[in-house]
Amino acid sequence: MAGHKLFFALRPDEEAAERIARTAAAEHVARGLVPRFRPSHIFHITLHYFGRFEGEPNPQLVARAMRAAAELVWPAFDVGFERFASWGREGARQHPFVLTGGQSLEAVRELRDALADRLIAHGLSAAKDYEPHLTLRYDKRPAPAWEVDLTGWTASEFLLVKSPQGLTRHDVIARWPLQG
């Protein structure tokens, strides 16, 4: 049986994901880069990553994570991006090419921190230093960074997602609304 990744995420609706992909592609082409992106239906911003599991994620972990998430009451907010960046250390095998930002992602950071607090209260480990980003692609070489003003979407829910390894698929386990 294949392994799975498990994570909490914000995900754009289909229209926003396609708009982000079109804008990113145009920006790439304008700079002479080939826009080979991940499929837009899996675009997301990770709020908390539990890790990779052989087989299915631990059901007790999933249940505790769901209880923690259910306690979180949070307002809906707008997501935006301020720059394209290529991450990874020199000599790395793969460099994630991402959309990221400063002030435009502050609400994401606040939600990430509040979710981490709830996870910790339920006996799970959680970090507050995970930098919010949306991964567009992976490349063998780093790419130049540049500034952009890219409207994302209004985050109206967050999700617990299971992603089977190698299938480019995200299976939503549960959803929690963000208040309007």
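Visitor: Where is L134 found?

Guide: L134 is found in strand 5 of this predicted model.

Visitor: Why is L134 called buried?

Guide: Its relative accessibility is 0%. Buried means under 20%, so L134 counts as buried.

Visitor: How far apart are L134 and T46 in sequence and in space?

Guide: They are 88 residues apart in sequence, and their C-alpha atoms are 7.9 Å apart in space.

Visitor: What is the confidence in strand 5 and in helix 3?

Guide: Good thing to check! Strand 5, residues 134–139, has the lowest confidence in the protein chain, at a mean of 90. Helix 3, residues 106–121, has the highest, at 98. The protein chain averages a pLDDT of 92, and 98% of the residues score at least 70.

Visitor: Let's turn to helix 1. Why is E18 called partly exposed?

Guide: E18 sits in helix 1, which covers residues 14–30. Its relative accessibility is 35%. Buried means under 20% and exposed over 50%, with partly exposed in between, so E18 counts as partly exposed.

Visitor: Which residues gather with E18 in a patch of negative charge?

Guide: D13, E14 and E15 gather with E18 in that patch on the surface.

Visitor: And I20, why is that residue called buried?

Guide: I20 also has its place in helix 1. The relative accessible area of I20 is 0%; the cut-off for buried is under 20%, so I20 is buried.

Visitor: What separates I20 from R169?

Guide: Along the chain they are 149 residues apart, and their C-alpha atoms are separated by 19 Å.

Methods. Residues are numbered from 1 along each chain as its sequence is written. This is a predicted model: local features need pLDDT of at least 70, side-chain atom pairs count only at pLDDT 80 or more; totals for chains, interfaces and linings use all residues. Side-chain values use heavy atoms; hydrogens and water are left out. Patches are made of residues with over 30% relative accessible area and no salt bridge: like charges are joined within 9 Å, nonpolar side chains (Val, Leu, Ile, Met, Phe, Trp, Tyr) within 5 Å. Accessible areas come from the Shrake-Rupley method with a 1.4 Å probe; for residues, only the protein chains shown count as cover. A salt bridge is a side-chain nitrogen of Lys or Arg within 4 Å of a carboxyl oxygen of Asp or Glu. Lys and Arg count as positive and Asp and Glu as negative; His and the chain ends are not counted. The place of a charge is taken as NZ of Lys, CZ of Arg, CG of Asp or CD of Glu. Helices (H or I, at least four residues) and strands (E, at least two) are DSSP runs, numbered from the N terminus. Buried means under 20% relative accessible area, exposed over 50%, partly exposed in between (1.4 Å probe, protein chains only). pLDDT is the predictor's confidence in each residue, from 0 to 100.
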